[in-house]
Amino acid sequence: MDEPDVTIRLTRDEATVLSDWLERLQMTGLSRTVDDPAAWAPIHQIAGQLDKMLPTLFFPDYDVRLEEARRRLRPLDDDSPSEE
């Protein structure tokens, strides 16, 4: 019996930040945090889907767009220093 697919819905900002994080996870020493080799299959699947859905990854101003998305997603914290 085939199991139904699972659908995850993300905002564009969430998808952008997650895509960047997954890329860094796969390409750096952060990969040590994935201690189960079976976990890599869904990580690669999610990363691949995000790459297809986010054409901005290839825009020249991607770094700016990524930082703007991060800023919008960060919780507002009245105790944090203001950005100037």
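**Helix packing and the core**

Helices α1 and α3 pack with their axes 9 Å apart and at an angle of about 115°, the axes being lines fitted to C-alpha atoms over the stretch in contact, with angles running from 0 to 180 degrees between N-to-C directions. Because 65 to 115 degrees counts as roughly perpendicular, α1 and α3 are described as roughly perpendicular to each other. The contact, meaning heavy atoms within 4.5 Å, is made by Asp13, Glu14, Thr16, Val17, Asp20 and Arg24 of α1 together with Tyr62, Leu66, Ala69, Arg70, Arg72 and Leu73 of α3. These residues divide into five nonpolar, one polar and six charged.

This is a predicted model, in which local features need pLDDT of at least 70 and side-chain atom pairs count only at pLDDT 80 or more, while totals for chains, interfaces and linings use all residues. Residues are numbered from 1 along each chain as its sequence is written, and side-chain values use heavy atoms, with hydrogens and water left out.

Asp13, found in helix α1, counts as buried at 17% relative accessibility, since buried means under 20% relative accessible area with a 1.4 Å probe and protein chains only. Leaving aside neighbours within four places in sequence, Asp13 is in contact with Ala69, Arg72 and Leu73.

The largest nonpolar core has twelve residues in all, including Ala15, Leu25, Trp40, Ile43 and Leu66; such a core is a set of buried Ala, Val, Leu, Ile, Met, Phe, Trp, Tyr and Cys residues joined through side-chain atoms within 4.5 Å. Two or more residues come from each of α1 (12-27), α2 (40-53) and α3 (62-73), and α2 gives the most, with four residues.

How values were computed
Buried means under 20% relative accessible area, exposed over 50%, partly exposed in between (1.4 Å probe, protein chains only). Angles under 35 degrees count as roughly parallel, over 145 as roughly antiparallel, 65 to 115 as roughly perpendicular and the rest as oblique. Ala, Val, Leu, Ile, Met, Phe, Trp, Tyr, Cys and Pro count as nonpolar, Asp, Glu, Lys and Arg as charged, and the others, Gly among them, as polar.
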